[in-house]
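Please look through the sequence and the structure below before reading on.

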Amino acid sequence: MAEVLVKRLHKAFPDGTVAVEELNLEIGDGELFVMLGPSGCGKTTTLRCIAGLEQETSGQIVIGDEVVSGLRPSQRDIAMVFQFYALYPHLTVRDNMAFPLRAAKLPEAEVTERVNEAARMLQLEPFLTRRPSRLSGGEQQRVALGRAMVRHPKAFLMDEPLTNLDAELRADMRAELKHLQERLSSTMVYVTHDQTEAMALGDRIAIMNKGRLEQLGGPMEVYERPATLFAARFIGSPPMNLVEAEVTNGHLTAAGGLTIAAPEGLTRGAQVIAGVRPERLTLTATGTGANARIVSREALGDETIYVVDSEAGRLNVRMPPTARFDEEQAVKVSHIGAAPPAYDPKTEQVVST
Amino acid sequence: MAAHIQPSGLADEGIAGETATPPVRRRPRIGSGFEIIVLAIFAIVMLFPVLWMLETALKDTGDIYAVPAKVISGWTPTLEHVKDVFSSNSPVFSGFKNSVIVAAASTIIATLLGVPSAWAYSRFAIPAKKDQLFFILSTRFMPPVVVVIPVFLMFRDLNLLDTLQGLTLVYAAFNLPFTIWMMKGFIDEVPAEYEEAAMLDGYSRFEAFWRVTMPLLIPGIAATAVFALIFSWNEFVFSIFLITDPGTRTAPSAIAGLIGGTTTDWGLVAASAMIFAIPVLAFAFLVRKHLVAGVTLGAVRR
């Protein structure tokens, strides 16, 4: 296992599209590093540059102690799992998993041993003689993982590997993948557009947008304090409420009298956008708070999501299932708990400390 | 609360015809009388020459010239003419040999050159790729006969007239654009990810193609090669223009050469034509699926 460094990576395609503007990443040895962003943000291109499937326009990729820019994919000693698995359809599961080992010209006895070991770990033993077309999606996914594992590569690259599984299986595989990565203490670069997956898996998350890095940090850091408005909108479901507010005496005050605890580092009188998580708002039938009206109600069992209209805009509020409000009911909304991050409306960067 | 549940049976019966199943379009197994008559006339018109050829090939020479013609009965089948085709002094037998050599060689050349270039056009970023592909296709826009004279002049200077090598070259050149376009269609259908996965698994670019994409292409290559083979086998114009020596003539022009002169042995002509048609029929049967589906068919399910 090894660390992966991406230095000043820039990638433009021949048709002029710039996929990656300039990217610097340091991915530690044994880290599960998630690149998160919407489609077209450059995350997959970055991964393909690390793999050597795309040639970077400028910049450098280092794997371990070796500068791999210019090396062929086969010389980089990395394994990749593709979104569509790319299992060789004409080979059996056993031959699929043995494929990279045969490329390395390992003795056949060791090939068998390593394939059996991986098959045992991934519970693929009953399927070894089958062709990929006779496997379910989850089984194909595990074969693809097995094919990556058998080589003991320097790093694993994962290109949205769970996207094609149905929801239930995806959660199972997510847990299995995390467990496997910890057990092998492997360096893993994981690309996804699913923020839940990123939060669940990542040791660190890099949020990307339009070829740029928006934020880099641990899952809780990214959740609690998104560095930009883009990151604030992208992480969390339902998304963060972005409320325009003015810094007043010790508070942030939004339209309609909604007062929010003020974070540090703001000058009085400044106009900011406060990023308030739905669980930091609460609804009451009477009492203090800003006036609001319930627009919709989603009872999810363990919690209920209310969407309310207030003078400060449309807000998502996460409430315990015991809260009972009807649609169209007039309520009071108020902020609870710690101060939220605040953003400059023009630069869209976080300004609170 | 149960207001939205329909009374049982309503959905099955259909409400006011709304949910009634559309009338089943009856497809009779044989068809209406009119269809049968039209198709029968069509079949007779199309198949009569073929039938006549088969009959002539199997008739005694006397029966062939009989007046009135013995169409269905009154003659006994004989393999006399078929034997003549394969006799050592038969002018068509060497024609068949030459045809096999030329058709096979030109198909092999076109496939060996066409498959790798189709792969390159499918997978690599090549400058002006579309223009190049259009140019390659454009060689098929005109009928081949247009270039017969220039090719004849070139071949005369290169001493390629009357040689099988020359004819092989021409046929390979005509088959190459077809092979490239058809194979590109097949290769486009194979996801590039297979090769990328193989490259990450430790193989070079070409090894990845050879070990992963190639096995998936074999049905496509077989179909394409059969088309090329049929073209080379059937080709007549270049064969008759570029080759005058009976020793190197291919079958189509050798058979045509039987006609004319003082007498024409129609039995031999028909028997040769019958034997000539058999390989094409056999191969066309092998690729009948591809004949219908054309180039766009997918060889591999994603």
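This is a predicted model: local features need pLDDT of at least 70, side-chain atom pairs count only at pLDDT 80 or more; totals for chains, interfaces and linings use all residues.

Residues are numbered from 1 along each chain as its sequence is written, and chains are lettered from A and ligands numbered from 1 in the order in which they are written.

Chain B has 14 helices and 0 strands. Helices (H or I, at least four residues) and strands (E, at least two) are DSSP runs, numbered from the N terminus. Of the 302 residues in chain B, 30% are buried. A residue is buried if 20 or more other C-beta atoms, placed from the backbone, lie within 10 Å of its own.

A nonpolar core is a set of buried Ala, Val, Leu, Ile, Met, Phe, Trp, Tyr and Cys residues joined through C-beta atoms within 7 Å. The largest nonpolar core has 145 residues, and V34(A), M80(A), L157(A), V189(A) and V333(A) touch the most other members. Helix α8 of chain B (residues 164-189) gives this core its largest share, 13 residues. A second, separate core has 14 residues, among them L58(B) and I255(B).

Chain A is assigned domain 1 (4-233) and domain 2 (239-343), with bounds from an automatic or database domain assignment. Their centres, taken over C-alpha atoms, are 39 Å apart. The contact between them takes 5 residues from domain 1 and 7 residues from domain 2; two residues are in contact if their C-beta atoms, placed from the backbone, lie within 7 Å.

Methods:
A residue is buried if 20 or more other C-beta atoms lie within 10 Å of its own, exposed if 12 or fewer, and partly exposed in between; C-beta atoms are placed from the backbone.
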